[in-house]
Amino acid sequence: MRSLILVLIGLFVGAACALIAMSALRQGTAYPNGVMAVMSAQMQGLGANVKQNRCASTDLLPRLQTLRYLANDLEPAFLPTQDDERFVQHATVLRASLDAALATPPADCAAAGVALDRIQNGCQACHRDFKG
């Protein structure tokens, strides 16, 4: 009877440890989650600026620059997909749309909305293909 109880306790502890390990492996590292969280916050800030009619270059450029810097980290953040041509293409398109927005900063909210739509389309295309 004592052996049976010890075996059951061992099975329970083993199953709990296996679940913890599987959860840790599924979550991966915080790096890709952090990159996406900061990019999302910057996109939401740009959207709020456009909705509030705050579209001066001093309002938009810092967020656009942050997005552009973070776009450099897309391939390193998502190591398994960095060799995938589709992923590289999506990252390239996103960087190009950010470069265009930075080269000629939007002069008004209408232009800012167009630039924001281009950036969001780049994000959505990648999420559609990879995030599921």
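Predicted model: local features only at pLDDT ≥ 70, side-chain atom pairs only at ≥ 80, totals over all residues.
**Entry 1: the cavity**

Residues are numbered from 1 along each chain as its sequence is written, and side-chain values use heavy atoms, with hydrogens and water left out.

My search for cavities of 30 Å³ or more gave a count of one. For the record, a cavity here is a set of points, on a 1 Å grid over the protein atoms alone, where a 1.4 Å probe fits but cannot get out; lining residues have an atom within 4 Å of a point. The volume is the space filled by probe spheres set on the points, with grid points joined across faces, edges and corners.

Which residues line the largest cavity? I wrote down L46, V50, L60, L64, P106, A112, A115, L116 and I119. Two or more lining residues come from each of α2, α3 and α6, and α6 gives the most, with four. Helices are DSSP runs of H or I, at least four residues long, numbered from the N terminus. By class I found nine nonpolar residues in the lining, no polar and no charged ones. Nonpolar covers Ala, Val, Leu, Ile, Met, Phe, Trp, Tyr, Cys and Pro; charged covers Asp, Glu, Lys and Arg; the others, Gly among them, are polar.

**Entry 2: a glycine in α2**

I looked at G47 next, which is found in helix α2. Is G47 buried or exposed? G47 is buried, with a relative accessible area of 18%. Buried means under 20% relative accessible area, exposed over 50%, and partly exposed in between, with a 1.4 Å probe and protein chains only. The C-alpha atom of G47 is separated by 8.1 Å from that of G113, and the two residues are 66 residues apart along the chain.

**Entry 3: the cysteines**

I then checked for disulfides, meaning pairs of cysteine sulfur atoms within 2.5 Å. The count is one: C55 and C109, with their sulfur atoms 1.9 Å apart. The torsion about their S-S bond is about 100°, so I noted the disulfide as right-handed. C55 sits in the loop between α2 (30-51) and α3 (57-71) and C109 in helix α6 (residues 109-131), so the pair ties together parts that are 54 residues apart in sequence. C55 and C109 are both buried.

C126 is buried at 15% relative accessible area, while C123 is partly exposed at 22%.

**Entry 4: the aromatic rings**

Last, I went through the rings of Phe, Tyr and Trp (its six-membered ring), which pair if their centres lie within 6.5 Å; planes under 30 degrees apart count as stacked, over 60 as edge-to-face and the rest as tilted. I got two aromatic pairs. F87 and F130 form an edge-to-face pair, 5.4 Å centre to centre with 85° between the planes. F87 lies in helix α5 (residues 85-103) and F130 in helix α6, so the pair ties together parts that are 43 residues apart in sequence. F87 is buried at 5% relative accessibility, and F130 is partly exposed at 27%.

Key: 1 Å grid on protein atoms, 1.4 Å probe; cavity = no way out; pocket = protein on both sides within 12 Å on 5 of 7 lines; lining within 4 Å.
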